Amino acid sequence: KKMLELVFQNAGTQHALLQDMKLDLKNAEGHSTTLSGDKELRGLTGEGILAGHERRFLMPWPEKLTAAPTQIDFSFDKQAF
């Protein structure tokens with residue numbers, strides 16, 4: 001089964017809680033898709049990353065994603081820690 005691997009590093013000094021996550025994925029052909037919400041980001045939304053640490057997340061390959069992403073931008077509620 002195809003999986004998407006995401007590695008987040010918290011270079012800050014406070015615990016980060018990944019609430020209200022949104023991922024914007026773009027591939028080499030210029031196609032883009034946005035993933036958000038508990039259903040699309042199951043196993044990622046609500047997770048925490050300790051200050052000075054990194055975490056690796058594996059999630060099922062999103063159906064909306066037709067080719068491997070070459071750029072991933074993300075945002076989350078930075079007030080939720």
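This is a predicted model: local features need pLDDT of at least 70, side-chain atom pairs count only at pLDDT 80 or more; totals for chains, interfaces and linings use all residues.
Which residue in E7 is the bridge partner of Leu23? Side-chain values rest on heavy atoms, with hydrogens and water left out. The bridge partner of Leu23 in E7 is Phe74. Helices (H or I, at least four residues) and strands (E, at least two) are DSSP runs numbered from the N terminus, and two strands are taken to pair if DSSP finds at least two bridges between them.

The pairing of Leu23 with Phe74 belongs to an open sheet of three strands, ordered E4-E3-E7 and paired in antiparallel fashion. Its edges are strand E4 (32-36) and strand E7 (69-75), each of which pairs on one side only. Neighbouring strands of the sheet are turned by 20° against each other on average, direction ignored; axes are lines fitted to C-alpha atoms, for helices over the stretch in contact, and angles run from 0 to 180 degrees between N-to-C directions. Antiparallel E3 and E7 are joined by six bridges, and antiparallel E3 and E4 by five. On the E4 side, Lys22 is placed opposite Ser36. E3 and E4 form a hairpin with four residues between them, and Gly30 in the turn has a positive phi of about 90°.

Asn27, located in strand E3, counts as buried because its relative accessibility is 6%. Contact being defined as heavy atoms within 4.5 Å, Asn27 touches Thr66, Ala67, Ala68, Pro69 and Thr70 when residues up to four places away in sequence are not counted. In the loop between strand E2 (16-17) and E3 lies Asp20, with a phi near 55°, a positive value in a residue other than glycine. Asp20 counts as exposed, since its relative accessibility is 60%.

E4 likewise has a covered face, made up of Thr33 and Leu35, and an uncovered one with Ser32, Thr34 and Ser36. Thr34 is partly exposed, with a relative accessible area of 33%. The C-alpha atoms of Thr34 and Leu23 are separated by 5.6 Å, although these residues are 11 apart along the chain. Residues up to four places away in sequence aside, Thr34 touches Lys22, Leu23, Asp24, Glu40 and Lys64. The side chains of Thr34 and Asp24 are joined by a polar contact of 2.7 Å. A polar contact is a pair of N or O atoms within 3.5 Å; within protein, one must be able to donate a hydrogen and the other to accept it, and residues adjacent in sequence count only if both atoms are side-chain atoms.

In soluble globular proteins, nonpolar side chains tend to be buried together. A nonpolar core is defined as a set of buried Ala, Val, Leu, Ile, Met, Phe, Trp, Tyr and Cys residues joined through side-chain atoms within 4.5 Å. The largest such core has 16 residues, and those with the most contacts inside it are Leu6, Phe8, Leu18, Met21, Leu23, Leu41 and Leu44. Strand E1 (3-9), strand E3 (22-27) and strand E6 (54-60) each supply at least two residues of this core, with E1 giving the most, three residues. Leaving aside neighbours within four places in sequence, Leu41 is in contact with Met21, Lys22, Leu23, Leu35, Ser36 and Met59.

The structure holds three salt bridges, each a side-chain nitrogen of Lys or Arg within 4 Å of a carboxyl oxygen of Asp or Glu. Arg56 forms one with Glu5, the closest N and O atoms being 2.4 Å apart. This pair links distant parts of the chain, Arg56 in strand E6 and Glu5 in strand E1, 51 residues apart. Arg56 counts as exposed at 55% relative accessibility, and Glu5 as partly exposed at 44%. Glu40 forms a salt bridge with Lys64, with 2.9 Å between the closest N and O atoms. Glu40 in helix H1 (residues 37-40) and Lys64 in the loop between E6 and E7 are 24 residues apart. A further salt bridge joins Glu47 and Arg55, with the closest N and O atoms 3.1 Å apart.

Key: Residues are numbered from 1 along each chain as its sequence is written. Buried means under 20% relative accessible area, exposed over 50%, partly exposed in between (1.4 Å probe, protein chains only).
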